[in-house]
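Welcome, and please load the model in your viewer.

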Amino acid sequence: MMDLSELERDAICELVNIGIGQAARSLGKMVDDRVLLTIPALELVEYANVLAMLGTETDAAVTAIKERFSGAFQGDAILVFPEKHSLDLVRSLLDEDMPIESLTELEQESLLEVGNIVLNACLGTFINILSCRLEIDLPVLFRGSIAKVLGQRATADNTIYMVMRIDFTTQKKMIKGYLVFLFDSDFTTTFLAQIHSYIRMQR
Amino acid sequence: MTIPTICSPDELATFLREGVDKADIGYIVIDRNFRVLVWNRWMERASGKERAEVLNTPFVTIFPEIKESRLEDAISNAVQRGMAGILSAKLHRTPPLRLHRIDGDTTPLTNPVIIIRPLEGSVPERNGCLIQIIDETNSAIREKTLRAQALALRAQEEQLRTLFEAINDSVLLLDKDGSIVALNDTACRRWGGEKDAMLGRKFLTFLPSPNANIHKRHFEALASSGMPQRFEDSLGEYTYLVSMFPVPNGHGAVHRIAMLASDITERKAFERRIFHLAHHDALTGLPNRAYLQDRLEHAIDLAKRMGRRLALMFLDLDHFKAVNDTMGHDSGDALLNLVAGKLQSSVRVTDTVARMGGDEFVVLLEPAGQDEDIARLTEKIISTLDLRWGSESDAIRVTTSIGVAVFPDNGHDARLLMKAADTAMYVAKAGGRNTFRFFSAEMTERTMERLHLERDIRDAISREEFELYYQPKVCFRSRKPCGVEVLLRWRHGERGLVSPAEFIPLAEETGLIVEIGEWVLEAVCQQIAKWIREGRQPVPIAVNVSPKQLFSGDFVALVISCIERYSIPSRYLQIEITESAVMADPIRAATTLAQLRELGINIAIDDFGTGYSSLSYLSRLPIDVIKIDRSFVAGLADRRENLEIINAIISLARALKMIVVAEGIETKGDVEVLTNASCHLGQGYLFARPMQIGDLERWLDARQPDHECWGCK
Amino acid sequence: MTAPVQILVVDDSLLARMMLKKLIVKLRPAWQICEARDGRDALEKVAGRRPDVGLIDYNMPGMNGLDLALRLRQLFPGIVLALITANIQDYLVREARASSVEFISKPIEEEKISVFFDSVEK
């Protein structure tokens, strides 16, 4: 388990915060409503703890939108929420009274786009503020266990995952989701090095 | 990306251009300044803008609607930061680009999917992006259909699952080896397991072994025969109705086995309750007559096989009616409950105590010991049931009479045994109550009838079942009525008119005749008083008095009291007494009759000629009238010897100053003969049948009684 | 000689406070800085002071930045305030402006802060 200093934590939160703020603006414009996105917590954890953090069993069904990034650092950015919330998310972004049939029809593409907006906004902030170069691929939608989404890894795997809880809210509904940044091999260190240089610049 | 060199660069460029042009999607490449570099044929048709028009034109100029939109953001992200993007028109209120469909009509393209990919140039300044626009209309329709089907299936599945879980019965789906494939929540609860832990395991392992055996047998029967199984099983306090039926696969073979267990505990309890209600007496909760019948038949079957004895006691409370009448029905009911309780605690658990209704109970001893043992128990019951009921001051003593019948001695079936016990009980009652009798062969049906009759006579007075009929006597000389004999009729509640020949002897025997006689005497005096009151001159009324009454000791006092009470002249009252009665105790008879005669009452000897008394002996008695028995009168015209006897009687009677009455006058011949024989009076159907008072009065009015007739003086 | 301008900086992020202080020192070296990590902390810190300018993060634990701004406005009617936040949705911008609170989007950049300071001094 890697510990983060308060400043490291603040910096990452700030970056994701800014990204999420932009994502919220995009979503809000699209649906012509307020979208509240809050970021209460950030953790750097190992595989086994990701499962614990997401508070579900390994094989509980989730919906995930995953984007591959490469360049200055590489890995996967993943937006995860319990499968039963995926329809609620789409519903909250669309007409509350929309029949379930139409919702189902919209679900997949809508989720892809929502994921794309949120993940691009976060990754875009990294690119802008850290002045680095990243290539970001199209989002892919997953349904199934978290293990499947993260890509079957042994629980002994000591890869570091950066996990943030994110609550989407429009009007009444509160939908909990998680942002997971999974860096390939030792790119976590590369990412943190970028964060450090950013912090140094601000002092 | 390396381009394979199987063709020349020129050829490749042509193919690429043509390929892009013929693609079935919108294909646009723009540079970092948003200027259009590639615009394929699809775009020309969807936008209506020729390639020449748009090349090198900023994208925002071509589509002003994208300003500050999500699409513009996405394109910027791609061009400036290398981020790919996807836009689905569905999530947006308005289409991101104003295009129309290319298949002939100009319908707006409402649901394109736009995919944006960054393109890396030779230097960052030459970066650009590729915009692909895909018309999802057709695939959307197909998808919509598929989704609708999937939704319908999902809904159906959901309904089935909801039903499956909502069912309050346990439902399990089993594999052919008995392992659990599916089960609902009810099954989990009933079988006390976690659903996940139960799935895949053999269902028999969740049952206690006796239950498992039953289930196993039926499961195997189904597996081998394919026939549905149905059976009841109980687990603790619960009772289940278990159904197992085969679930065929597509080819009709048994694929799986469905098992349903319905909790029928309540239904069973209800059935028991209904059974109890139908078989038990509501007041005491004891088995009722129907149930006892059942038990008795079973007991007899069993006793026959085992060579055992049974005893059946028939109990009847003495004086229960008095309790009900004086203390009310609630008190009566309480007494019955007390008796029920005492009876039950007097016998063994194997014995049955039942209530037949009213104050009748039956105890079935199963098995029964020897007669002495039975008698001992019966005595114990009698003493247990010897009670004082009610408050101290006006308590009523309640006792019990019991009749006992024994199998096989007194009968081989339930009906005979019940009858025998009932008979014995009546005998016990007749024998003074608060006692018991074993049935014996002497207690024949005749005895029983007499006992019943006796009971009925007892009730007849209070129920006012007795009626008085009057038969006139006619003077042969004047041919006018000059008196009547009163006769008793009994109109029984169930049997109709009962012949006096049937009940009088019994009433005599039991002494009830005294009570009846008193009633008759009273009624007659009342009638005479009524006639006087109405201003009608009475005719004398003759009352038959039984020897029991005559000799009761206070008969004279009774007559005096009646005459005085109704203030009637004694001459209107006559007493008839049979010859045999007088001859039974001539001395006592003489005393009593003399006292009556002193009062001015006429005395008649009835049925004269049937006994062996001599007329000369009778002459010493205080007698005014002799009534010749009908047997001498019948067929008088043909039977000379009877006429001689009658002539002898008449002449002697006349000599003794007695009046002669001939009974049973039925023909005119009789009248002629008797008139010639100087008989005073006649009585019989020829003159009049016995009549009720109203008819009598009309009959008398029509004939003007001869009050001065010699025989009536 | 007027009293030095007092500026209140409220942000739950240490990094953000550091960045803001650095910019303030650079742009307005004479100003006195008072920093707080959330709304409640800020209200405690301003007791006995009279801040002229406030830079307030919106998304903080407890009281949000806009509510804090309105409270400060009650306490110090002349105070010049800015919300500085990553949440850049239009509704929030409108609400801030409607309450005469300036809106500065994150990330924190020297130019945005400088423009705001210039407007304060006008």
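How many helices and strands make up the secondary structure of chain A? Select chain A and you will find six helices and eight strands; helices here are DSSP runs of H or I of at least four residues and strands are runs of E of at least two, numbered from the N terminus. Before moving on, note that this is a predicted model, in which local features need pLDDT of at least 70 and side-chain atom pairs count only at pLDDT 80 or more, while totals for chains, interfaces and linings use all residues. Residues are numbered from 1 along each chain as its sequence is written, and chains are lettered from A and ligands numbered from 1 in the order in which they are written.

**Chain A**

Trace chain A along its sequence and the pattern reads α-β-β-α-β-β-α-α-β-β-α-β-β-α. Of its 203 residues, 47% count as buried; that word applies when 20 or more other C-beta atoms lie within 10 Å of a residue's own, with exposed for 12 or fewer and partly exposed in between, all with C-beta atoms placed from the backbone.

Now select A:Ser131, in the loop between helix H4 (100-130) and strand S5 (134-136) of chain A. Its phi is positive, about 50 degrees, although A:Ser131 is not a glycine. Is A:Ser131 buried or exposed? A:Ser131 counts as exposed because it has 12 C-beta neighbours inside 10 Å.

**Where chain A meets its partners**

Select chains A and C together: 21 residues of chain A are in contact with 16 residues of chain C, contact being two C-beta atoms, placed from the backbone, within 7 Å. On the chain A side, helix H1 (6-31) and helix H6 (187-202) are the elements that give two or more residues, and H1(A) provides the largest share, 14 residues.

Next, show chain B against chain A, where 22 residues of chain B are in contact with 25 of chain A. Helix H5 (70-81), strand S3 (85-88), strand S4 (112-119) and helix H6 (137-166) of chain B each supply at least two residues to that side of chain B.

**Chain B**

Chain B has 27 helices and 25 strands, and 34% of its 713 residues count as buried. Pick out helix H12 (residues 320-327) and helix H13 (residues 329-346) of chain B, which pack at about 140 degrees with their axes 6 Å apart; axes are lines fitted to C-alpha atoms, for helices over the stretch in contact, and angles run from 0 to 180 degrees between N-to-C directions. Here B:Phe320, B:Val323, B:Asn324 and B:Met327 meet B:His329, B:Ser331, B:Gly332 and B:Leu335.

Then go to B:Pro408, in the loop between strand S15 (396-407) and helix H15 (414-430) of chain B. A cis peptide bond joins B:Phe407 to B:Pro408, with omega about 5 degrees.

**Chain C**

Finally, select the open sheet of chain C, five strands in the order S2-S1-S3-S4-S5 with parallel pairing; strands pair if DSSP finds at least two bridges between them. Its edge strands are S2 (32-36) and S5 (102-105) of chain C, and the twist averages 20 degrees from one strand to the next. Helix H5 (residues 110-121) of chain C packs on the sheet, touching S3, S4 (80-85) and S5 of chain C.

End at C:Pro107, in the loop between S5 and H5 of chain C. The bond joining C:Lys106 and C:Pro107 is a cis peptide bond, with omega about 10 degrees.
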